[in-house]
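Subject: Structure for your files

Hello,

Here is the structure you will be working with. My notes on what was found in it follow below.

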Amino acid sequence: MEFFNDVGGDPLKPSLFELVAQEQLRDLLQPALKYVLSVFAQRNPRYLLRIVNRHEEFYAMIMLFVERHYLRKHNASFAENFYGLKRRRRPIIQTERARAAVGGIPPEENLRDREVWRSLVVLVGLPYLRAKAQDYFEDLGGGIDTDLLDDGGGRHVRALTEETFRGRLRRLYKRWYPWMNITFEGWLLAYNIAYLFDKTPFYRPWLSWVGVDLRRLGVEDFRLAAMKAQTAVAPSKRQSLMDNLRRLLRSSPRLLLDSLRILLPTAIFFIKFLEWWYSPSSPARALSTSPLGPAVPPPQLLPPHPKGIRIDGTKYGICPICQNPITNATALPSGYVFCYRCAYDQVEKHGKCPVTLLPARIWQLRKVLV
C-alpha cells in the first residue's frame, strides 16, 4: 500500500488506501447509530420512535456539531483525525517549503471559516442529500419487490401513473436516478484513479472547491497536540475550587467530543461483532443447536376457524387444500403448512389463511426445510 505513496517523494501525502479507509469509517457511523437507536426504540417507542423515523435529520444535526468541532480544533474531520490526517488550506503558490515540510501546519494554512463551512457542506450536507434521494427512490418502489410492500405496490403504481406534472416528474426521477447515481460513482472512481497515479492532488473533486488538500500528521503536529493537552489538564494553583469546577464544566463538551475518537470506532466494532455473532453461520447458532443446549419448543398453532378448512390431525404430510402429499412445504403466519402452490394461490386470491381465516400476504410465506 505504501508503494504509490513514495512515488512522488512527499512523505506527508496520504495514500489512497488511507483516504478510502477513513471514508469507510465515516460511512459506518450512520448505520451503527441507527441500529442502536432502533434497539432502544423497541423499549421506549414513545420517545425514540420519532427520532428513528427521522434518523437522517437527527444524524446530520449531530454530525454538524461533531465535524465542526474537529475541523476547528484539529483541522480535520472526525474520520480524518482518527486516521492521522489533516486538512491544509491549499496555498495559491506551492512552495518548496510547503512540499518538504514535515512539521505542523503553518498559521497561514490553518482552516478559516470559509473552508470550515464549505467542508461541512461536503461532509454533512452531501451525504444527507444522497440519503434522502435514495429514500425517495425506494419510496417510489425503485429496487424493491412489490410483494414486499404493504399493499402489493398499489400506492406506488397510482403515484407513478398520475397524468399530472408531479406524476411525470416521479416517473422521470425513478427512471433516471439509477443512471445519475452510477455516473456520480464513476466520477468519484475516476478521481481515485487519477489521485493514485499522481495526476491530481485531490482524491475528491469537491476538495478543489473547498480549497484544501489532505495531509498526514507530522511530528510537530503530535508535539503541539501534546503541549495543548498538558496545558488544558494542568490546574492552576492560584485558582479556587469553584474556578476549577467552572473550567471543568466549560471544557466538558470539548472533552466529550474528543472522546468520540475512541468511543465511536469501539461502538462500531461491538455492533459488527454482535451482527456476526447472531448471524446464521455464527458460533451462537451452533451452540443453540448443539445437544448440550436447551431445545426450543415449536410454536403453537392458532386455533382453526369454524368456517375454515378442517384439519385432520392424524394425517401428517398431507396438504389440507389439495389433500395430496405436501410438495415444497410452505408455512403461513398462522403456523399451518401447505404446498407452496396451494398456499400461494390461496393467499393471492383470498388474502387469508384457509384454516384460521386470518389475513396473510404473499411476502409472509415461509419455506419449510424438512
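**Cysteines**

Cys339 counts as buried, at 5% relative accessibility. Please keep in mind that this is a predicted model. Cys322 is partly exposed, because its relative accessible area is 27%.

How many disulfides does the structure hold? It holds zero. A disulfide is a covalent bond between the sulfur atoms of two cysteines. For Cys322, the closest cysteine sulfur is that of Cys319, and the 3.8 Å between the two sulfurs is too far for a bond. The cut-off for calling a disulfide is 2.5 Å between the sulfur atoms. Cys339 is in no disulfide either: the nearest cysteine sulfur belongs to Cys322 and is 3.9 Å away.

**Helix 1 with helix 2**

Two packed helices are described by the angle between their axes and the distance between the axes. Helix 2 covers residues 45–53, and its axis comes within 7 Å of that of helix 1, with a crossing angle of roughly 150 degrees. This crossing is left-handed. On the helix 1 side the contact is made by Leu37, Ser38, Phe40, Ala41, Gln42 and Arg43. Helix 2 contributes Pro45, Leu48, Leu49, Ile51 and Val52. By type, the residues of this contact are eight nonpolar, two polar and one charged.

**Helix 1 with helix 3**

Helix 1 (residues 16–43) also packs against helix 3 (residues 55–74), at an angle of about 125 degrees and with the axes 11 Å apart. Helix 1 is therefore oblique to helix 3. The crossing of these two helices is right-handed. From helix 1, the residues in contact are Arg26, Leu29, Gln30, Leu33, Lys34 and Leu37. From helix 3 they are His55, Glu56, Phe58, Tyr59, Ile62, Met63 and Glu67. This contact of helix 1 with helix 3 divides into seven nonpolar, two polar and four charged residues.

**Ser77**

Where does Ser77 lie? Ser77 is in the loop between helix 3 and helix 4, the latter being residues 78–82. Is Ser77 buried or exposed? Ser77 counts as buried, because its relative accessibility is 0%. Leaving aside residues up to four places away in sequence, Ser77 touches Gln22, Glu67, Tyr70, Leu71 and Leu123.

Regards

Definitions and conventions: Residues are numbered from 1 along each chain as its sequence is written. This is a predicted model: local features need pLDDT of at least 70, side-chain atom pairs count only at pLDDT 80 or more; totals for chains, interfaces and linings use all residues. Side-chain values use heavy atoms; hydrogens and water are left out. Axes are lines fitted to C-alpha atoms, for helices over the stretch in contact, and angles run from 0 to 180 degrees between N-to-C directions. Helices (H or I, at least four residues) and strands (E, at least two) are DSSP runs, numbered from the N terminus. Angles under 35 degrees count as roughly parallel, over 145 as roughly antiparallel, 65 to 115 as roughly perpendicular and the rest as oblique. A crossing is left-handed if the near helix is turned anticlockwise from the far one by less than a right angle, and right-handed if clockwise. Contact means heavy atoms within 4.5 Å. Ala, Val, Leu, Ile, Met, Phe, Trp, Tyr, Cys and Pro count as nonpolar, Asp, Glu, Lys and Arg as charged, and the others, Gly among them, as polar. Buried means under 20% relative accessible area, exposed over 50%, partly exposed in between (1.4 Å probe, protein chains only).
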